[in-house]
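Please look over the sequence and the structure below before reading on.

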Amino acid sequence: MVAQVLPYVPRAVVGRVSARYIAGEALQDALATVRALNESGASATVDVLGEFVTALDEAAAARREYLALLEGLAVQQLDAQVSVKPTQLGLKLDPAACLSHFRALVQRARELGTLVTLDMEDSSCTDATLELYRTLRRDSPQVSAVLQARLRRSGADLEALLPLQPSVRICKGIYVEPGAIAFQDREEIRRNFLALVERLLRGGGFVGIATHDDVLIERSRALVHQLGVERDRYEFQMLLGVREDRRRRLRAAGYPLRVYVPFGSHWYAYSIRRLKENPAIAGHVLRSLFERR
Ligand code: FDA
């Protein structure tokens, strides 16, 4: 129902709802948002909006945008990393070109003392993205992967990565996937999420605990304490604009926290795609149609 209704939702309404979740259209908007987050005690990972490019020059343009972002963050001495969707750098068009774009970003990130995370997209990208991560990780530790608790394969993927002492973000996974490859039940997804976090905490490496789910936050906190994990081995991660109250409480309690900050001119397409993929989030849009401001 939500997917059918969305095309008729006025752009202005989508914009109004998305404004909470997106730093703005320009690099300066993202830098200002990161500065405010840093001042509140949180670090950031910045995403230049865009994915599934259809021409190689778009991938090259995305690489330039990310390089400019890395420079901007460094010049302003901000505490931030970057997150990149592999299809935005041409994963589906030309894997060799995509690798070369990523190499340029990871090398620059290394010189500037920061890190590049390869966001995980739908299951058609999982193998190629993990392969890309492995290749980049051979050259530099300044790169991080993402595993989705929704996918049944993620436990095995993590075992294969552990010898690299990897930095991995664990999230539920935003893409709707079929039952044959993905858990559908909320509790199963939660169980897998916690199993992945625990395996990574016990096995070495760094874990980004990316969730707004109270149950997962509380159980992850308990795990961290139970295992006596140092603060430099994990952090909580949340999306810009989501559960800011929860974020503040985690910060106040002294937990390391990173906020994912998307920005860029592709905000409309991004918002619509995210909303279609996750009707639960789309509920926020539909509600806003009836909210008074
Ligand atoms: P859940 O969806 O149950 O949310 C818990 C509560 O948070 C909800 O009850 C609601 O109140 C609130 N909430 C959650 N999302 C909201 C929203 N957008 N607006 C308003 N309220 C909201 N996925 C992926 O496939 N690949 C990736 O690379 C990433 N990367 C990533 C980075 C970071 C930092 C985060 C936090 C998340 C991702 N994700 C992701 C998305 C992730 O997979 C997942 O879809 C969302 O985080 C929602 O799942 P939760 O665990 O937050 O639980």
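Which residues does Val168 touch, not counting residues up to four places away in sequence? Val168 touches Ser144, Ala145, Val146, Leu147, Leu161, Leu200, Phe206, Val207 and Gly208, where contact means heavy atoms within 4.5 Å. This is a predicted model, in which local features need pLDDT of at least 70 and side-chain atom pairs count only at pLDDT 80 or more, while totals for chains, interfaces and linings use all residues. Residues are numbered from 1 along each chain as its sequence is written, and side-chain values use heavy atoms, with hydrogens and water left out.

**Val168**
- Val168 lies in strand S5, residues 167-171 (strands are DSSP runs of E with at least two residues, helices runs of H or I with at least four, both numbered from the N terminus).
- Val168 is buried, with a relative accessible area of 1%, since buried means under 20% with a 1.4 Å probe, counting protein chains only.

**The shell around the ligand**
- Of the 23 residues around the ligand, Met120, Lys172, Gly173, Thr211 and His212 come nearest (a residue is near if one of its heavy atoms lies within 4 Å).
- Strand S4 (143-148), S5, strand S7 (234-239) and helix H12 (279-290) each supply at least two residues of this shell, and the largest share, three residues, comes from S7.

**Atoms facing the ligand**
- A backbone N or O atom of Met120 lies 2.8 Å from a nitrogen atom of the ligand.
- A polar side-chain atom of Gln148 lies 2.9 Å from a ligand oxygen atom, and one of Thr211 lies 2.6 Å from an oxygen atom of the ligand.

Notes. Buried < 20%, exposed > 50% of the residue type's maximum accessible area, 1.4 Å probe, protein only. Polar contact = N/O pair within 3.5 Å; in protein donor to acceptor, adjacent residues only side chain to side chain.
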